[in-house]
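Subject: Structure handover

Hello,

Please find the structure below. My notes on it come after.

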Amino acid sequence: MSTGPQDIPEITPTELKERLDAGDRPVLLDVRESNEWEIGNLSEHGAVLRPMSDIYDWKSEFDPGDDIVVYCRTGGRSGWIVRDLVDAGFEHVRNLQGGINAWSADVDPSIPRY
């Protein structure tokens with residue numbers, strides 16, 4: 001795990017893929033909008049869609065002790081969510097560096113980039 005801008009904890013797509021391949025199953029939290037989810041997502045790895053625009057409706061669904069990887073298109077929105085969750089006491093939350101587009105470029109090119 002590394003830290004990105006403003007000390008946001010991050011994980012690279014390759015690091016996440018290695019964890020998934022090893023049987024580790026963090027909560028994969030997609031904070032894009034539903035139309036973006038339809039373009040491509042990590043549902044085959046158990047990802048859940050909780051749009052950033054509805055954060056106050058869903059934030060309480062998760063335990064501050066959960067191991068959570070947050071992603072969006074390129075990592076900007078998810079970075080905001082990670083910062084918010086860290087500030088709320090979540091201890092094991094990371095931003096997927098580069099978002100779903102980096103996942104597509106580095107791990108699974110079958111997921112469209114947009």
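Predicted model: local features only at pLDDT ≥ 70, side-chain atom pairs only at ≥ 80, totals over all residues.

Residues are numbered from 1 along each chain as its sequence is written, and side-chain values use heavy atoms, with hydrogens and water left out.

Helix pair

Two packed helices are described by the angle between their axes and the distance between the axes. Here the axes of helix H1 (residues 13–21) and helix H5 (residues 99–106) come within 9 Å and cross at roughly 75°. Axes are lines fitted to C-alpha atoms, for helices over the stretch in contact, and angles run from 0 to 180 degrees between N-to-C directions. H1 is therefore roughly perpendicular to H5 (65 to 115 degrees; under 35 is roughly parallel, over 145 roughly antiparallel, and the rest oblique). Helices (H or I, at least four residues) and strands (E, at least two) are DSSP runs, numbered from the N terminus.

On the H1 side the contact (heavy atoms within 4.5 Å) involves Pro13, Thr14, Leu16, Lys17 and Leu20, and on the H5 side Ala102, Trp103 and Asp106. By class, the contact of H1 with H5 has five nonpolar, one polar and two charged residues. For these classes, Ala, Val, Leu, Ile, Met, Phe, Trp, Tyr, Cys and Pro count as nonpolar, Asp, Glu, Lys and Arg as charged, and the others, Gly among them, as polar.

H5 is largely enclosed by the rest of the structure, because six of its eight residues are buried. Buried means under 20% relative accessible area, exposed over 50%, and partly exposed in between (1.4 Å probe, protein chains only). The buried residues of H5 are Gly99, Ile100, Asn101, Ala102, Trp103 and Ser104, and they pack against H1, strand E5 (67–71) and strand E6 (92–96).

Val107 sits in the segment after H5 and is partly exposed at 22% relative accessibility. Not counting residues up to four places away in sequence, Val107 touches Pro13, Thr14, Lys17 and Ala102. Pro13, Thr14, Lys17 and Ala102 also take part in the H1 to H5 contact. Between Val107 and Tyr56 there are 51 residues in sequence and 31 Å in space, C-alpha to C-alpha.

Rings

A search of the whole structure finds one aromatic pair. The ring centres of Trp58 and Phe62 are 5.9 Å apart and the planes are at 85°, so the pair is edge-to-face. The rule takes rings of Phe, Tyr and Trp (its six-membered ring) with centres within 6.5 Å; planes under 30 degrees apart count as stacked, over 60 as edge-to-face and the rest as tilted. Trp58 is buried at 3% relative accessible area, and Phe62 is buried at 13%.

Arg73 lies over the face of Tyr114, at 5.4 Å from the ring centre (NZ of Lys or CZ of Arg within 6 Å of the ring centre and within 35 degrees of the ring normal).

Single residues

The contacts listed here again leave out residues up to four places away in sequence.

- Ile68 lies in strand E5 and is buried, with 0% relative accessibility. Ile68 touches Val27, Leu29, Phe62, Phe90, His92, Val93 and Arg94. Ile68 and Phe90 are 22 residues apart along the chain, with their C-alpha atoms separated by 8.9 Å.
- Ile39 is in helix H2 (residues 34–39) and is partly exposed at 36%. Ile39 touches Pro112 and Tyr114. The C-alpha atoms of Ile39 and Ile111 are separated by 7.8 Å, at 72 residues apart along the chain.
- Arg77 is in helix H4 (residues 76–87) and is partly exposed at 27%. Arg77 is in contact with Val31, Arg32, Glu33, Glu36, Met52 and Cys72.

Regards
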